[in-house]
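The following dialogue concerns the reading of structural features from a model.

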Amino acid sequence: MSQGARALLRRPAFTAVALLTIAIGVAANAAVFTVVDALLLAPLPFGPRSERVVLLHATHSSQGGRPRESRLSYADLQDVRGSSRLLEDVAGYFRRPLTVGVDGEVERVEGAVVTPNLFKLIGAAPQLGHTFDEEGGPGVERAVIV
């Protein structure tokens with residue numbers, strides 16, 4: 001038996017604390033890696049286009065001089081779409097809580113307002129029905145996709 005093993009056997013409380021510390025460290029490392037892998041490393045669920053989808057933000061100066069991120073407006077999205085030679089297409093979505101009423105029952109649901117080309121851009125097709133008219137924009141008749 002090695003000298004290290006004999007020293008650990010002589011102090012069982014220290015050995016238990018050391019093993020517990022190592023076990024907690026390994027478990028925490030595995031948990032953090034699982035979250036990082038799911039959020040940052042795994043491809044987005046957009047099929048073969050996943051590696052080509054990027055998220056754009058606007059950055060503005062705040063009072064403290066630190067930059068602050070915000071959403072792009074519809075006009076900003078159209079400007080980027082029209083002027084970018086680097087991006088194949090630009091689509092937008094804005095998360096928004098919605099109120100849905102069916103047969104007198106009203107419920108708050110998490111929804112999004114999206115540009116008409118979003119589904120085509122990410123390669124998503126509805127299981128039933130159709131998506132928006134690609135020629136849409138501000139002022140067109142509103143439609144809902146569930």
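The turns below proceed from the overall layout to individual residues.

Q: Which elements does the protein chain contain, and in what order do they run from the N terminus?

A: This is a predicted model. The protein chain holds 4 helices and 4 strands. Read from the N terminus, the order is α-α-β-β-α-β-β-α.

Q: How much of the protein chain is buried?

A: Of the 146 residues in the protein chain, 12% are buried. Helix α2 is hardly covered, with a buried count of 1 among its 30 residues. Strand β4 is likewise hardly covered, with 1 buried residue among its 10.

Q: How does the reach of helix α2 compare with the value expected at 1.5 Å a residue?

A: As a general idea, an α-helix has 3.6 residues a turn, so residues three or four places apart point the same way. Here, α2 covers residues 12-41 and spans 41 Å from its first C-alpha to its last, which is close to the expected 44 Å.

Q: How are strands β3 and β4 arranged, parallel or antiparallel?

A: In a regular strand, side chains alternate between the two faces of the sheet. In this case β3, residues 93-102, runs antiparallel to β4, and 10 bridges join the two. Within that pairing, Thr99 stands opposite Arg108 of β4. The two strands form a hairpin with 2 residues between them, and Asp103 in the turn has a positive phi of about 50°.

Q: Where is Thr115 found, and what does it touch?

A: Thr115 lies in the loop between β4 (105-114) and α4 (118-122). Beyond residues up to four places away in sequence, Thr115 touches Tyr74, Leu77, Ala91 and Gly92. Its C-alpha atom is 9.1 Å from that of Phe94, a residue 21 positions away along the chain.

Q: Why is Thr115 classed as buried?

A: The general idea is a threshold: a residue counts as buried when its relative accessible area is under 20%. Thr115 is classed as buried because its relative accessible area is 7%.

Q: Which polar partners does the side chain of Thr115 have?

A: A polar atom of the Thr115 side chain lies 2.9 Å from the backbone nitrogen of Gly92. The Thr115 side chain also makes a polar contact with the side chain of Asn117, at 2.9 Å.

Q: How many salt bridges are counted, and which residues take part?

A: The count is 1 salt bridge. Asp89 pairs with Arg81, and their closest N and O atoms are 3.1 Å apart. Asp89 is partly exposed, with a relative accessible area of 27%. Arg81 is partly exposed as well, at 38%.

Notes. Residues are numbered from 1 along each chain as its sequence is written. This is a predicted model: local features need pLDDT of at least 70, side-chain atom pairs count only at pLDDT 80 or more; totals for chains, interfaces and linings use all residues. Side-chain values use heavy atoms; hydrogens and water are left out. Buried means under 20% relative accessible area, exposed over 50%, partly exposed in between (1.4 Å probe, protein chains only). Contact means heavy atoms within 4.5 Å. A polar contact is a pair of N or O atoms within 3.5 Å; within protein, one must be able to donate a hydrogen and the other to accept it, and residues adjacent in sequence count only if both atoms are side-chain atoms. Two strands pair if DSSP finds at least two bridges between them. A salt bridge is a side-chain nitrogen of Lys or Arg within 4 Å of a carboxyl oxygen of Asp or Glu. The expected span of a helix is 1.5 Å times one less than its number of residues.
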